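Colleague: I should like to go through this model with you, element by element. Please show the sequence and the structure first.

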Amino acid sequence: MTGEAAFATIAPVTIREHFDLMSNRIKYGAVGGALVVVAAILWLYPDITKQQMIVPALVMGAVVGLAVGGIGRLVYRCPKCGAYMTMKGETPIRPDAATFWNRWSACPHCGVSLDEPWSKPDAVGQ
Ligand SMILES: [Zn+2]
């Protein structure tokens, strides 16, 4: 449980850094989960061919895609107003940035700066 204690002592992150962190966790979680499934399939069916791996790979891709999308809808929310932050239909400040938290400097719904310290949405007064 030292990991948890270490995490608690990390200095407060900005909203932007929080999204970056969560994105990395989702990515590593998805990749890690996919590797575990592949390892399990190879362990259960050692003679499986590459062609036979295509179907489970496609199913896994769809499941991972849905899971990441679903988690993203829960995670990528403005801590102040709760708006889902992918901000489709808005005009970004830096349209070329790869991630929405670098495309924007503030929530377009409530205007909170992404450089503000992150706080859990529940902890912010309404
Ligand atoms: Zn907002």
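Colleague: How many helices and how many strands does the protein chain have?

Modeller: This is a predicted model, in which local features need pLDDT of at least 70, side-chain atom pairs count only at pLDDT 80 or more, and totals for chains, interfaces and linings use all residues. Residues are numbered from 1 along each chain as its sequence is written. Helices (H or I, at least four residues) and strands (E, at least two) are DSSP runs, numbered from the N terminus. Along the sequence the pattern is α-α-α-α, and the count for the protein chain is four helices and zero strands.

Colleague: What distance separates the end C-alpha atoms of helix α2?

Modeller: Helix α2 covers residues 15-44, which is 30 residues. The expected span of a helix is 1.5 Å times one less than its number of residues, so α2 should span 44 Å. The separation in the model agrees with this, at 43 Å.

Colleague: How are α2 and α3 oriented relative to each other?

Modeller: Axes are lines fitted to C-alpha atoms, for helices over the stretch in contact, and angles run from 0 to 180 degrees between N-to-C directions. On that basis α2 and helix α3 (residues 50-75) pack at about 155°, with their axes 11 Å apart. Because angles over 145 degrees count as roughly antiparallel, α2 is to α3 roughly antiparallel.

Colleague: Which residues of α2 and α3 make the contact?

Modeller: Two residues are in contact if their C-beta atoms, placed from the backbone, lie within 7 Å. From α3 the contact involves P56, M60, V64, V68, I71 and V75. From α2 the residues are M22, I26, A30, G33, A34, V37 and I41.

Colleague: Which residues of α2 are buried?

Modeller: A residue is buried if 20 or more other C-beta atoms, placed from the backbone, lie within 10 Å of its own, exposed if 12 or fewer, and partly exposed in between. Of the 126 residues of the protein chain, 8% count as buried. What covers the buried residues of α2 includes α4 (100-103). Those buried residues are I15, H18 and F19.

Colleague: Is R94 buried or exposed?

Modeller: R94 lies in the loop between α3 and α4. Leaving aside neighbours within four places in sequence, R94 is in contact with N102 and R103. The C-alpha atoms of R94 and W104, ten residues apart along the chain, are separated by 6.7 Å. Because R94 has 10 C-beta neighbours inside 10 Å, its class is exposed.

Conventions
Angles under 35 degrees count as roughly parallel, over 145 as roughly antiparallel, 65 to 115 as roughly perpendicular and the rest as oblique.
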